[in-house]
Structure formats: structure tokens, C-alpha cells
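Subject: Structure handover

Hello,

I am passing on the structure below, with notes on what was found in it. Please read the notes with the structure open.

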Amino acid sequence: MPVSYLFFGSDEGAAATAARKTFEALSEGSDGWGNEQIDGAAATADEAADIVTRAISGLQMMNMFGGRKVIWLKGVTFMGDSPQGARSETVQAALEKLAETLGHLPEDTFLVINAAEVDKRRTFFKKLSAASECKEFSKIDITKPGWEAELAAMALRMAKPMGLSFDNDALDLFVHRVNESTRQIANELSKLDVYLGPDRRKVTAEDVELMVAVSRNGVIFEISRAIEGADSRRAVRLVNEQLEHGEQGVTIMRAAIVPTVRNRFCARLLMDEYHLDTGNYRAFESALNRLPAEAVKLLPLKKDGTPNAYSVFNAARSCGRLTLRKARRDLQACAVADRQMVSSGLDPRDILHKLIITLTA
């Protein structure tokens with residue numbers, strides 16, 4: 001059994017959860033007197049060094065009542081590349097000393113660490129990781145195609161122990177309202193769990209609308225939904241709110257509007273040409289994977305090079321009475337607006353308003 005465990009990464013919630021479970025598992029059966037939780041948040045390099053020194057002292061001290069001793073250094077903020085962290089020679093020296101201490105621990109003594117950023121270039125990390133069971137937790141990259149399916153799978157995994165399930169529309173809305181942090185996803189699922197009560201376990205879109213907070217990415221999705229639903233007033237209001245909060249017009253257009261219009265065009269074209277069934281996601285995904293090479297070129301791709309079926313499936317379901325001719329005109333309107341946004345002196349608000357009216361007409 002390892003004597004130390006290091007959990008870190010951009011998904012702080014997942015790292016903290018893994019550390020808590022490990023701490024609880026190691027503590028099980030002990031009297032608890034030898035266990036200690038040390039807050040790893042430090043504002044300065046000196047504070048960081050003091051925290052590490054306290055952890056080392058705790059590890060070197062025998063449990064006065066005998067038995068197992070577990071120390072959890074939690075929420076460490078000084079292992080990343082910052083002036084009060086890994087750039088500081090004081091902090092580096094303290095962490096290297098901690099790593100060396102792990103090779104000489106008293107019997108039945110364990111250390112658990114969870115941290116956000118860790119500078120993996122430093123000597124202390126190499127020593128710590130060599131002496132520890134080490135696991136990195138990274139957030140899903142929502143700038144990469146295919147992130148929706150990854151986030152949906154994560155949400156379903158986290159919901160299963162609560163006995164929660166989702167309608168298709170509810171899951172789609174949930175995925176686009178939350179961000180990629182497991183901590184926020186867990187919080188929102190807990191809210192839904194309490195709201196539904198023990199007698200109702202299936203989440204509907206109405207439940208998500210009511211209970212789940214909208215992240216920045218969620219606002220982008222809400223603009224897309226308003227355009228898909230031909231709700232020009234809601235789309236204009238959401239765009240105005242984003243502009244007033246300092247968002248750039250070109251960012252709004254390329255993040256919220258252009259992908260929506262492009263995906264709907266691709267979906268409409270493929271539905272007309274290959275008669276794709278939009279009633280079931282798995283069947284739709286299988287049909288996309290069987291498309292000829294010239295059709296696959298139209299599809300957005302995930303980072304592994306396979307078609308991003310999730311986004312096309314959602315676009316197909318929103319097409320309704322949209323004709324291919326209208327979808328093509330919408331795509332052309334986006335191209336014109338994009339050129340105006342970057343090469344003319346027109347007000348971005350006016351360009352976006354005009355584009356929204358055109359798309360929802």
C-alpha cells in the first residue's frame with residue numbers, strides 16, 4: 001500500500017473528492033486521534049512553507065495512542081507556477097523536504113494531498129509523484145468538439161448513485177447550463193435531488209429550467225435555443241445582456257450563432273439526403289458513422305477524428321420545418337455578418353440584431 005497519495009488538476013472538485021474518499025478509507029478502523037486535516041491555502045510563500053513544515057512535523061510524530069495516522073493536506077494552492085508557489089525557492093525547498101520525508105515515515109503513517117495547479121516541471125513534483133500514488137483530474141475541454149457527449153456521460157455517472165435520470169431534453173439543457181466543473185455539477189444535481197423528493201426521480205427540462213443556474217456557457221446555449229425556437233425577442237435580450245457585460249460581439253456570434261446555424265444546415269442536408277432518423281440518439285450516431293466519406297466531411301469532428309454526433313443530433317431535432325433553402329440562406333447571412341463585424345465600422349449590436357431577425361424570420 002502506498003504511504004502517500006497526490007490528487008491534482010484543473011478539476012479541483014474531482015481531485016478533492018478523490019482525496020476525501022482516500023482519507024476516509026485510510027482512516028476507517030482507526031481511533032481518529034492521530035488523523036489531521038491541514039488547510040493548504042496560502043497567500044504568501046512564507047505561509048506555504050509553514051504549512052508544509054506543519055505537515056512534516058505531523059508525519060514524523062508518532063500517534064501517541066498507537067495505531068494508524070493519516071494526514072490530509074487539503075486544497076493546496078502553492079504547487080502551481082506562481083510567485084507564492086512553485087516559483088519560490090522557499091516553497092520548492094519545503095516541498096522537496098516533504099518528498100524526502102515520505103521515505104522515512106513511521107509505520108502505519110499516511111499522507112493525502114489534493115491540489116489545484118501543480119507545476120510538473122519542478123523537482124519536488126518528480127520526487128512526490130515517485131513516492132506517491134498520483135492521479136491528475138482535468139476538466140473536460142469545452143473548446144473541443146464532442147465535449148457535450150463527455151459532459152453528458154459525466155452527469156449521468158454522477159446522477160446514478162442518487163437514483164436520478166434525465167429526459168433527453170432535460171439532459172441536453174443540463175449539460176449546456178452547467179460548466180465543466182464536477183463540483184458545480186454535483187451541486188446542481190444535489191439541488192435537483194432535494195427538489196424532486198423521494199417520489200420522483202426523473203428530471204424534466206422544466207426542472208432544469210427552474211433549479212439549475214446558468215453559467216456563461218449556458219447563456220451561449222440559451223441564445224442558440226432562442227434562435228432555434230425562432231424567439232427573436234429572447235435572443236436579442238440575451239445578446240444585449242452579454243454586450244452590456246463586456247462580451248465582444250464577434251465572440252457572441254462565433255460562439256452562439258454561427259455553430260448553431262452551421263449545424264442546422266448540415267443536419268438538414270443530411271436528413272434530406274440520407275433520411276436520418278432523429279428519434280433515437282444511438283441510432284442516429286450509428287447512421288452518421290455509416291455515412292460515405294463525402295458526407296462525413298460536412299460534420300464537425302471530435303478530437304479523435306470521429307463525427308460529433310451529439311451536436312448534429314440536437315441540431316436535427318431543432319430543424320422542424322426548416323428547409324434546406326432557408327438553412328443555406330441563414331448560413332450565407334452569418335458569413336455576411338461576420339465580415340461586417342471584423343471589417344466595417346458598424347455597431348456590433350446592430351449587426352447582431354439584424355442577423356437574429358433574419359435567422360428567426
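**Around helix α12**

The cover over the buried residues of α12 includes α11 (249–274), α13 (293–296) and α14 (309–319). Please keep in mind that this is a predicted model.

Helix α12 spans residues 281–289, and its buried residues are Y281, F284, A287 and L288. Viewed down the axis of α12, these buried residues fall within an arc of 125°, so they line one face of the helix. On the face turned away from that buried side, α12 carries the exposed residues R282 and N289.

**Helices α5 and α7**

The next item is a helix pair. Helix α5 (residues 147–159) packs with helix α7 (residues 182–196) at an angle of about 50°, and their axes are 10 Å apart. At that angle, α5 counts as oblique to α7. The crossing in which α5 passes α7 is right-handed.

On the α5 side, the contact is made by L151, M154, A155, M158 and A159. On the α7 side, T182, I185, A186 and L189 take part. Sorted by class, the contact of α5 with α7 has 8 nonpolar residues, 1 polar residue and no charged residues.

**Residue N240**

The last item is a single residue. N240 is found in helix α10, which covers residues 232–244. Is N240 buried or exposed? N240 has a relative accessible area of 17%, and buried means under 20%, so N240 is buried. Leaving aside residues up to four places away in sequence, N240 touches R349 and H353.

Regards

Methods: Residues are numbered from 1 along each chain as its sequence is written. This is a predicted model: local features need pLDDT of at least 70, side-chain atom pairs count only at pLDDT 80 or more; totals for chains, interfaces and linings use all residues. Side-chain values use heavy atoms; hydrogens and water are left out. Axes are lines fitted to C-alpha atoms, for helices over the stretch in contact, and angles run from 0 to 180 degrees between N-to-C directions. Helices (H or I, at least four residues) and strands (E, at least two) are DSSP runs, numbered from the N terminus. Angles under 35 degrees count as roughly parallel, over 145 as roughly antiparallel, 65 to 115 as roughly perpendicular and the rest as oblique. A crossing is left-handed if the near helix is turned anticlockwise from the far one by less than a right angle, and right-handed if clockwise. Contact means heavy atoms within 4.5 Å. Ala, Val, Leu, Ile, Met, Phe, Trp, Tyr, Cys and Pro count as nonpolar, Asp, Glu, Lys and Arg as charged, and the others, Gly among them, as polar. Buried means under 20% relative accessible area, exposed over 50%, partly exposed in between (1.4 Å probe, protein chains only). The arc is that of the directions from the helix axis to the C-beta atoms.
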